[in-house]
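Here is a short note on the model for your review. Please read it with the coordinates open.

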Amino acid sequence: MVLTPDLLLSAYTQGIFPMAGEDDTIFWYDPDPRAILPLSNFHIPRSLKRVMRRGSYEVQRDMAFGEVIRACAEATPGREETWINPEIILAYEQLYHLGFAHSVEIWQDGLLAGGLYGVAINGLFAGESMFSRMRDASKVALVYLVAHLRRQGFLLLDIQFLTEHLERFGAVEVTRREYKDALAVALNHRTSF
C-alpha cells in the first residue's frame with residue numbers, strides 16, 4: 001500500500017499513524033494508552049526557561065520542512081534505527097505542500113540546530129518527530145510549537161507515545177477511548193496552523 005496524502009489524512013482522522021519497520025514495511029499504529037501533551041497544562045522546566053531567556057536561537061516555522069524531516073530520520077547515538085524511511089519522507093513532504101504537515105525550525109548562527117514536524121487537521125496537531133543537533137534545540141521548538149498552537153486555538157497535541165523527556169513537559173497517557181473522544185472534538189474545531 002502506497003502512502004498517499006489521502007490515506008494519511010484518513011488515518012489521522014481515525015487516530016491511526018504509520019511508522020516504517022526495519023525492512024521499510026509500513027506499519028499502522030493506534031496505541032492504547034495514547035500519549036498527549038495537554039496544551040493547558042504545558043510545563044516549561046526552569047532550566048529551559050533560562051535557555052530561552054538567553055535568546056541565542058532563531059525560531060521559524062515551515063521554512064525548511066524537508067531538512068527537518070530528514071534530520072529527524074538521521075541515526076543518532078542510542079538510536080541507530082529510524083522509523084522514518086524514504087516513503088514516509090516523500091508522503092509527508094506531499095502533505096506539507098498541501099498545507100497539512102508543518103515544521104518548527106530552530107536556527108543558531110545560520111545552522112539548523114533542531115526542530116520538529118507534525119500534521120495539523122483542524123484542532124489536532126499530531127507531533128511526529130523532533131531532533132536536536134545542539135543542546136536544547138528540540139525543546140525550544142516544542143515550547144514554540146505549544147505557544148503557537150495555543151494562539152491558534154488548537155485543542156489536541158498528540159505525541160503518540162509517552163517518554164520521560166516529554167513527561168517533564170506535562171505529557172500524559174489517556175485511554176484509546178479518551179483519545180478518540182478528544183480527537184472527534186478537535187477535528188470539528190476549525191482553526192489553522
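The points below cover the model's basis, the nonpolar cores, one serine and the salt bridges.

1. This is a predicted model: local features need pLDDT of at least 70, side-chain atom pairs count only at pLDDT 80 or more, and totals for chains, interfaces and linings use all residues. Residues are numbered from 1 along each chain as its sequence is written, and side-chain values use heavy atoms, with hydrogens and water left out.

2. The largest nonpolar core has 38 residues. A core here is a set of buried Ala, Val, Leu, Ile, Met, Phe, Trp, Tyr and Cys residues joined through side-chain atoms within 4.5 Å. Buried means under 20% relative accessible area, exposed over 50%, partly exposed in between (1.4 Å probe, protein chains only). Tyr12, Ile84, Ile88, Tyr92 and Tyr117 have the most contacts inside this core.

3. Ser103 is buried, at 0% relative accessibility. Its side chain makes a polar contact of 2.4 Å with that of Glu105. The term covers N or O atoms within 3.5 Å; within protein, one must be able to donate a hydrogen and the other to accept it, and residues adjacent in sequence count only if both atoms are side-chain atoms.

4. There are 9 salt bridges, each a side-chain nitrogen of Lys or Arg within 4 Å of a carboxyl oxygen of Asp or Glu. Arg133 and Glu74 form one of them, at 3.1 Å from N to O. Both are partly exposed: Arg133 at 45%, Glu74 at 37%.

5. Asp30 and Arg34 also pair, at 3.7 Å. Arg34 is buried at 1%; Asp30 is partly exposed at 23%. A salt-bridge network links Asp30, Arg34, Asp158, Arg176 and Lys180.
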